[in-house]
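Here is a short report on one protein model. It starts with charged pairs, then turns to the fold and the core.

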Amino acid sequence: MVQVIDDPATAYRRVALDARVEGSDGAELTRLCLEQALAEIARARGATDLSRRTDALTRGAAALLALQEGVAPANPLRRALVQFYGGVRASLLGAIRSPGDAALAQAERDLAEVQALL
């Protein structure tokens, strides 16, 4: 079944994401999910209404869930990474109910720090 997307910006993001995912290895997918999460946090911080903010935070949380579930079982940092991604994800979901930007700013800093290590 083909998904119909009414918003051109959403359709463009979806096509760009699908193109990048195709043929990526684990490290590239990690970078991609981090990029997506950071982009969605930025969108949420700039959102002018609750609906757009919620949409961005939900997408960011989905990227973090993918990161959390994608940590290789043999990775010696698996437990710490799963806990870290889960904590940041919880912060994003909590920011839906509590619209302050402090938690988002911290999540953004934490993810950017991890991204810089890759």
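## Salt bridges

Six salt bridges turn up in a search of the whole structure. A salt bridge here is a side-chain nitrogen of Lys or Arg within 4 Å of a carboxyl oxygen of Asp or Glu. The model is predicted: local features need pLDDT of at least 70, side-chain atom pairs count only at pLDDT 80 or more, and totals for chains, interfaces and linings use all residues. Residues are numbered from 1 along each chain as its sequence is written, and side-chain values use heavy atoms, with hydrogens and water left out.

Aspartate 55 pairs with arginine 43, and their closest N and O atoms are 2.9 Å apart. Aspartate 55 sits in helix H3 and arginine 43 in helix H2, so this bridge ties together parts twelve residues apart in sequence. Helices (H or I, at least four residues) and strands (E, at least two) are DSSP runs, numbered from the N terminus. Aspartate 55 is partly exposed, at 33% relative accessible area. Arginine 43 is partly exposed too, at 27%. The cut-offs are under 20% relative accessible area for buried, over 50% for exposed, and partly exposed in between (1.4 Å probe, protein chains only).

## A link from H2 to H5

Arginine 45 and glutamate 108 meet through their side chains in a salt bridge, 2.4 Å from N to O. Arginine 45 belongs to helix H2 and glutamate 108 to helix H5, so the pair ties together parts that are 63 residues apart in sequence. Both ends are partly exposed: arginine 45 has 34% relative accessibility, and glutamate 108 has 22%.

Which residue forms a salt bridge with arginine 53? The partner is aspartate 101, with the closest N and O atoms 3.4 Å apart. Arginine 53 lies in helix H3 and aspartate 101 in the loop between H4 and H5, so the bridge ties together parts 48 residues apart in sequence. Arginine 53 is buried, with a relative accessible area of 8%. Aspartate 101 is partly exposed, at 31%. Elsewhere, salt bridges with shared partners join Glu40, Arg43, Asp55 and Arg59 into one network.

Contact means heavy atoms within 4.5 Å. Setting aside neighbours within four places in sequence, arginine 53 is in contact with Ala44, Ala47, Ala95, Ser98, Pro99, Gly100, Asp101 and Leu104.

## Fold and surface

The protein chain has five helices and zero strands. From the N terminus, its elements run α-α-α-α-α. Of the contacts with a separation of 6 or more, 62% join residues 24 or more positions apart.

Of the chain's 118 residues, 25% count as buried. The chain exposes about 7500 Å², and carbon and sulfur atoms supply 57% of it. Accessible areas come from the Shrake-Rupley method with a 1.4 Å probe; for residues, only the protein chains shown count as cover.

## Nonpolar core

The largest nonpolar core has 20 residues. Those with the most contacts inside it are Leu64, Tyr85, Leu92, Leu104 and Leu111. Helix H2 (26–46), helix H3 (50–70), helix H4 (78–97) and helix H5 (102–117) each supply at least two residues of this core. H2 gives the largest share, six residues. A nonpolar core is a set of buried Ala, Val, Leu, Ile, Met, Phe, Trp, Tyr and Cys residues joined through side-chain atoms within 4.5 Å. In soluble globular proteins, nonpolar side chains tend to be buried together.

What does leucine 111 touch, not counting residues up to four places away in sequence? Leucine 111 touches Leu34, Ala37, Leu38, Ile41, Leu64, Phe84 and Val88.
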